[in-house]
Amino acid sequence: MGIENRQPSRLGKLLLFLGLLLVANSAYIAAFGDPTLFYVTNALIHPALGLAVVVLFLIYLGRNRKAFSSVIGSVSLFLLAIAAVLGGYLAIAGMTRPHSLALYAHVAAAVAGLFLILIWLRTRAKALRLSMDFPTRSQEKEPTQNLEAEMRATSNAWRWSAGVMVASLVFYCGVALYHHFFPNPEYLVRNPGGPPLSMEHEGGGANSFMFPSSAETPDNRPIRSGFFMNSESCRRCHADIYEQWQSSMHHFASFNNQWYRKSIEYMQDTIGIKSSLWCGGCHDHALILAGKMQKHPIREIENTPEGQNGLGCMSCHAIVHVGSTMGQGNFKIQYPALAELAESRNPVLRWLHDYSVRLDPKPHRNAFLKPFHREGTQVPGFCSACHKVHLDVPVNHYRWLRGFNDYDNWQASGVSGQGARSFYYPPKSQNCADCHMPMVRSKGFGNLNGFVHSHRFAAANTAVPTSHEDGNQVREVEQFLRGALTVDIFGLAEEPAGAEQTEGRPRGESPQLSSTFAVGEESSTGLAASTVALSQPLKLIAPLGRADAQLRRGQTVRVEVVVRTRRLGHFFPGGTVDAFDCWLELQARDSKGRTVFWSGQAADDGKGPVEPGAHFYRSLQIDAHGNVINKRNAWSTRAVMYAHLIPPGAADTVHFRLRVPEDCADSITLTAKLNYRKFSWWNTQFAFAGVRDPSQPHPDVGPDHDDGRWMFTGDLSTVSAKFKQIPNVPTVIIGQSSVTIPVAARSSEPFTELIANDARDRERWNDYGIGLLLQGDLKGAERAFEKVTGLDPKYADGWVNVARARIQEGNTEAAKPMLVAALKLNPNLSSAHYFYGLALKADGDYAEAYDQFALAAARYPNDRVNRNQMGRMLFLQRKYDAAVAQYQRSLSVDPEDLEAHYNLMLCYRGLANEELASREEKLYLRFKADEASRAITGPYKLAHPEDNNEAQAIHEHVSIDLGKTEGARQIAEHRRRKALRSRLDANPPAGRTAGAAGGK
């Protein structure tokens, strides 16, 4: 062999340099994934560098073929060849998820091949050293310096290769471990130690250009509108997701939604532009984040492309930080690096962007899918940014007031897997995306085994897709709603003869949150009625369908209907619960087809208003002058008549008073329906055609009231809908139940209690009891839960539920044996530990009570009600520092927890820390309900007996007058005013153009 073949060649040196550079480049792009020009450049260099190394290696191999003749050399060549082929494939196809197997095989083959190359180099260096020390006859003819040069070159190659490869491996592992154990805190939703003292210190503060919304940009400067309007660029790779989004409520969140459009027009007319930014932070990104909503009355810009844009892809995926779970648009949104390439009109730049994303999707994924977008523990906190709100002085000119809140009740419930005291738990905890973004088939980039999360965000809005003639979205929403709750006509009831009527008594007073929404498991009083009744349980014939029930002509009986939440993770209904028609309808028809009872009739064959005596699920709010909040004018709310919602994994028991006619046929069929219509009939009429009554030219309107009258005859030519008309919003029957009961003569046997004992009815009895318990019918609930334990003695929750009723009654001694029985069945049952703690607390045994609460906290550390009880036990033992730690833990779950702030105030006073005590007192008073506002409800109750009835914890519903309904009266009034409008249009008064009149 000639000297030139033994000397280190330039080719070998170049190959070694480029090969090791490729190794370092690989380690870097594997360890990071930053959406920066430097990273993307490295990603683009990687295949080019790989190609260069492959070409040089092939040339080198052609010159040194025999050097790789060993087994190790041959196997390493085979593995590196596989890596090269797969690398070429990935360079063309891209490293997207459908090609993940090829990517992993490429990496594995390359790593294994390089490892064998290291062994080959080391072995070859040793062989050359051995040849120098013990040369063969053929090697003796070669100059020693040739062998020495080759040996030295091979040893150097081994050292450099081993050093670079080990350093690259250490670098990759170190970066990966760092990212795992020290994730970027900006991308995690974590609550601050405490909330601000006022809205002026929320989000970016009063100086933020988006205040009073808490939304921010990093530099407090606007972002151009076009950034939020270019969702079309995402369609190139995510066509399925784009089409889903087109139908979603995110797309129709802004002024392409007539209901929202009207509410903001009315808001700005009433309290000005600044306050409307409170809404814009979550609804109108192409306007507010560009600084346009701040400068123009909305009527000037609502029909612009920006106003009609809705929330595009970037409205969620460009969010880089969520500040807390306090909602209110508490997020930071940023113009992402390299976005100009995706949006570029230059086809070359656009192709380069798309190719780089396909080649290495990590930067794109890391830019637009932060941990709070995809990790199950973080997703709900992300959603809370816009699905939990409150109002305060800058918006309502009044005080802090909770608006809708779909987060807290989920977090405290069994559905989240964080609540220790729930009635029911799903087999697996669920978050927002599990329900509202289910996996659907997709062939687009980013799919997981052929599936992506649906971006229809199906929930409960059938109104907006109806107005835009989107039948597919309407069907998706209807399918989503049906079966989310169930309806059970459970039984017939009658008061026992001679039963004493025990007046309901108020429960013990405790701090109440200032809220227009319901409060559930997130509060110690959330699952307890405002009053409790201790009357003797009613006589029952139940469960219907199992017990042989019978009615008598002329009889008056109570029908018990149970509505149970099934596939819900938050209150039913959720969202803006002041604007829906959601009600339970009960109709009775005899065997001749005659309607003998009807509660919950909607006029105009179901298209019109619902009769006011129906059993509604909503929040009924009134302004300072006692007018109903029905125009989405939450800023005017000053009092809440009732917030009647059903918690997740719970039930509502509804009572109807049925009178059987004397001439009734031989049987009656009862049909109960849970109806849902978004939006309410009145609100829909207002949103599309609402105009002020011209006969009231100067109505009394202020930030806290609107005494004006409205007519529904406005101009429809500019409404945000496909057809310029008031849509007929569909009513979805979420659940229904029917039962037929024979009717006997008046002279037949009187009502006699009849209980059917069948283990299959355990859940029906449990649901019935839950509904009674939440109303405060403690004796009725206790009887139902005792029936549960009789049907299934091994069902531990049945014993706990008996104890719940007895503890609310104050009978803690009778509750303890029930809890002992539950814990024997399930020693880890946290609800049993919690209620046992309450019983011990009532006995004054604070140390033992603390231990029980601590056992519950061991399994459910984020149940803040339980955590507050732990703090209370420590406080009562004067262990103030330890109590403070528990309350601070509660505030880490919800910084606005009223009970925690109240008790922290007491703790700090016990510690003589007046500064912190004063701060906690201010926060407590900020969030505490305004008891004086109840005075507003008095006159309203007198004027609206049906609403007064609905506001009672335990109440009954009677049938409408089957001759003339309230709904029919309202329809008649509407038609009368429409006729008036027609006459005015034909003969407009002086100074008025045709079409300007309206109806109430």
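Housekeeping, then: residues count from 1 along each chain as its sequence is written, and side-chain values use heavy atoms, with hydrogens and water left out. Since we're on a prediction, local features need pLDDT of at least 70, side-chain atom pairs count only at pLDDT 80 or more, and totals for chains, interfaces and linings use all residues.

Okay, the sheet. It's open, has 6 strands with mixed pairing, and reads β25-β10-β7-β12-β18-β26. Strands here are DSSP E runs of at least two residues, helices are H or I runs of at least four, and both are numbered from the N terminus. Pairing takes at least two DSSP bridges between two strands. At the edges sit β25 (754–755) and β26 (956–957), each pairing on one side only. β10, residues 539–542, runs parallel to β25, with 2 bridges joining them, and Ala 542 stands opposite Ile 755 in β25.

What lies across β25, β10, β7, β12 and β18? That's helix α25, residues 762–775, running at about 90° to β18. Angles are between N-to-C directions, from 0 to 180 degrees, on axes fitted to C-alpha atoms, for helices over the stretch in contact; contact is heavy atoms within 4.5 Å.

Now the helix pair. The axes of α30 (846–859) and α31 (864–876) come within 9 Å and cross at roughly 155°, so these two are roughly antiparallel, the label for angles over 145 degrees. Among the contact residues are Tyr 846 and Phe 853 of α30, and Met 870 and Leu 874 of α31.

Notes:
Parallel < 35°, antiparallel > 145°, perpendicular 65-115°, else oblique.
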